[in-house]
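Here is a friendly set of notes to read with the structure open beside you. Take the points in order and try to find each feature on the screen.

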Amino acid sequence: MKVKYFAWVRERIGLAEEQVEPPAGVSTVGELIAWLSERGESYAYAFEKPKVIRAAIDHVHVRPDAAIAGASEIAFFPPMTGG
Amino acid sequence: MTATVTIRIQEADFDVAREIASLAKGRTDIGAVVSFSGLCRGDDDGKSITALTLEHYPGMAEAEIMRHADEATARWPLTGLTIIHRVGRITPGENIVLVVTASSHRQSAFQAAEFLMDYLKTNAPFWKREEREAGASWVDARAHDDAAAARWTRS
């Protein structure tokens, strides 16, 4: 699946997007955040406060307990500050 | 009632008068047009700002705004609405966002405009980065914006 990062999540990780293949045990958005956090210091820094991180699956806001099965694009970003 | 919905995300500035005129053009059923423009301030909490840079999530930003536009047209009898959100670098005094709502009567136009702005602030995937003389930093989300959006939730 494709993972996208925005704003300071993108800056901390140093990537705007990437392809990831999480193992079978990673089935929710929250578990994906925990799995990504293990990928290195930059990921651990970006996800150091997982409760702050917002997520979207295929352009729709989701909560941490949302299932990731079948998702083609998952995005992680800080709380929004537009308008 | 079919509402004319226009949503644009663009780097270029917009012309408020022209957007209002285009919503009203050729129609005689509109009794009220409400417009809200959000501008870039030159200071935040007393600290001066050189510029803002707006980042967005292409694809989702349009989809999320459209979902709110659909909800607004379902909740209020609107004849049309226009939402324009700028992205990129914006300096103090420049426009950032425009919401225009048109209806037969003013209450619907006022309420729908306020609803749309409250949701844009908290749910549309845009992020502001402030440039100051001392450096740049991402703007923190504000609890009062969440509270403003929450009051439209129907129980």
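1. A word on terms before we look. Helices (H or I, at least four residues) and strands (E, at least two) are DSSP runs, numbered from the N terminus. Two strands pair if DSSP finds at least two bridges between them.

2. Where the names and values come from. This is a predicted model, in which local features need pLDDT of at least 70, side-chain atom pairs count only at pLDDT 80 or more, and totals for chains, interfaces and linings use all residues. Residues are numbered from 1 along each chain as its sequence is written, and chains are lettered from A and ligands numbered from 1 in the order in which they are written.

3. Chain A, the overall plan. Chain A has three helices and five strands. Read from the N terminus, its elements follow the order β-α-β-α-α-β-β-β. The C-alpha trace of chain A spans about 35 × 30 × 20 Å along its principal axes. The radius of gyration is taken over C-alpha atoms, and the globule rule is 2.2 Å times the number of residues to the power 0.38. For 83 residues, a compact globule would come near 12 Å, and chain A agrees because its own value is 12 Å.

4. The sheet of chain A. In chain A, five strands make an open sheet with the order 2-1-5-3-4 and mixed pairing. Strand 2 (17-19) and strand 4 (60-62) of chain A are at the edges with a single partner strand each, so one side of each has no neighbour in the sheet. On average, neighbouring strands of this sheet are turned by 25 degrees against each other, direction ignored.

5. Which residue of strand 5 of chain A is the bridge partner of A:Arg54? The partner is A:Phe77. Strand 3 (residues 54-57) and strand 5 (residues 73-77) of chain A run antiparallel and are joined by four bridges. A:Ala56 has A:Ala75 as its bridge partner in strand 5 of chain A, and A:His61 as its bridge partner in strand 4 of chain A. Strand 3 and strand 4 of chain A pair in the antiparallel sense over three bridges. These two strands form a hairpin with two residues between them, and A:Asp58 in the turn has a positive phi of about 45 degrees.

6. The sheet of chain B. Here an open sheet of four strands has the order 1-6-8-2, with mixed pairing. Strand 1 (4-10) and strand 2 (32-39) of chain B are the edge strands, each pairing on one side only. From one strand to the next, the twist averages 5 degrees. Eight bridges link strand 2 of chain B to strand 8 (residues 95-103) of chain B, and the two run antiparallel. One of the partner pairs is B:Leu39 with B:Asn95 in strand 8 of chain B.

7. Two helices of chain B side by side. Axes are lines fitted to C-alpha atoms, for helices over the stretch in contact, and angles run from 0 to 180 degrees between N-to-C directions. The axes of helix 2 and helix 3 of chain B come within 10 Å and cross at roughly 155 degrees. Angles under 35 degrees count as roughly parallel, over 145 as roughly antiparallel, 65 to 115 as roughly perpendicular and the rest as oblique. Helix 2 and helix 3 of chain B are therefore roughly antiparallel to each other. Two residues are in contact if their C-beta atoms, placed from the backbone, lie within 7 Å. Among the residues that meet are B:Ile65 and B:His68 in helix 2 of chain B and B:Phe115 and B:Leu116 in helix 3 of chain B.

8. Where the chains meet. How many residues of chain B are in contact with chain A? There are 22 of them, in contact with 14 residues of chain A. The elements of chain B giving two or more residues to this side are strand 5 (51-56), helix 2 (60-75), helix 3 (106-123) and strand 9 (126-132). Helix 3 of chain B gives the largest share, five residues.
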